[in-house]
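Hi everyone, thanks for coming. Please have a look at the sequence and the model while I talk.

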Amino acid sequence: MKVVGIDIGTTSVCGVLIDATMGCVEKSVTKNSSAFIEGCADWEKIQSVNKIMTVATDILESLIAASSEVGAIGVTGQMHGIVYTDKDGDAVSPLYTWQDGRGNLPYKDVTYAKYLNSFSGYGNVTDFYNTENGIKPESAVSYSTIHDYFVMQLCGLKKPIIHTSDAASFGCYDLENNRFNYACTAEITGDYRIAGEYKGIPVSVAIGDNQASVFSTLANEEDILVNIGTGSQISVISDKIADNMQVETRPYFENKYLIVGAALCGGRAYSMLKNFYAEVLGYIKRVDDDEVYRIMNDMLRNAKSSSFEVDTRFAGTRLNSEITGGISGITTENFTPSALTYGVLCGMTDELLNMYEKMGICKSGIVGSGNGIRKNKALVRIFEERLGAKMKIPSHLEEAAFGAAMFAMIAGGKFKNAKEVQSIISYGS
């Protein structure tokens, strides 16, 4: 049996064809969606639903065509954002992405987001702003994530079925009772569930990309997962809801929770440093990004410590957008490019590990994922030294799409539960 997993990301769509027995990726396709639409304000971050649907459908078709044994389709994608749908299940708005800033605009002496005790970019905050300002489409009867909408289109559904992993990402969500503290009318499910069929192939309900990535990488629940991409997260699985506001509790699978510490800047901090070096080098000669990263890797080859501290919260935090990054402890002797480069990596690591400490949960191992981990041996070394454990890295690259496929394997009856399906996960050296 082969299974397809589709991951609708912020800038691209990824699809994988997986052998459900061996756990190997037989084919992988990634395409840029080029879906962003120029908004009326700098804070508006919206995307074309039609462009995303076209790219996602093309990828799905190419993967189905590659095998006559496709037995299930799983879907995941960018969380928090919403697209409005009408009574027929068709989109009547652009996708308001998780990056959208309307929730940070002033409202009744606070902001729209703070008024709802939530965050900008979260779906219910976006809907609240749109409703209060009279820009919610008149024909809208519901809203969902973009990947929920893709499932609707594949299966011909008129109403979205939203998995709890996505529902909670809208904000204003009661985790204990699995329901909204907001007037969202979508149907919610926490089950491994088939939503319908596409060309005779069962399609599971969509799930959040964070949970999907964890599902396909964290085979041992006693491990910590560190994911470094443009953003970064540190995640653990728990039986209980965390009581610290600086970390987030999200629904997971089989009545468990995912405790997540998310850095808003994360891996982008290292990219910012790359841009800084590129501008300096550009005054001497023309360089491309790969060459700059190579130079930075050379700096890190022998670096083992930084004698000053770098705070990489350049984009603030979820709780305080006013916080800024900084460098402290600079002297006339220690301010070198290699120390700065290593210091940024330490700052990225420390921000996540500070969140891990606030979870109040002790785990024994560590798993790493994302390009920031795979392409930076120095960053891996820092995490290993800080946590006193060897980092395991999954053999497959497409973590979220792989996780969506695994979810569909259970929903479609190939496996009974998470423990069974996670036996197909393998780790590289």
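This is a predicted model: local features need pLDDT of at least 70, side-chain atom pairs count only at pLDDT 80 or more; totals for chains, interfaces and linings use all residues.

Residues are numbered from 1 along each chain as its sequence is written, and side-chain values use heavy atoms, with hydrogens and water left out.

So, the sheet. It's open, has seven strands and mixed pairing, and the order is β21-β22-β20-β19-β25-β26-β27. Strands here are DSSP runs of E, at least two residues, and helices are runs of H or I, at least four, numbered from the N terminus; two strands pair if DSSP finds at least two bridges between them. β21 (248-251) and β27 (427-428) are the edges: each has a single partner strand, so one side of each has no neighbour in the sheet.

Now look at β22, residues 257-263. Six of its seven residues are buried, so the rest of the structure largely encloses it. Buried means under 20% relative accessible area, with a 1.4 Å probe and protein chains only. β22 pairs antiparallel with β20 over seven bridges, and I237 sits opposite L258.

On to the cores. A nonpolar core is a set of buried Ala, Val, Leu, Ile, Met, Phe, Trp, Tyr and Cys residues joined through side-chain atoms within 4.5 Å. The largest has 69 residues, and V226, I234, I373 and F383 touch the most other members. Helix α9 (residues 337-359) gives the most, twelve residues. A second, separate core has 68 residues, including I237 and L258.

How values were computed
Buried means under 20% relative accessible area, exposed over 50%, partly exposed in between (1.4 Å probe, protein chains only).
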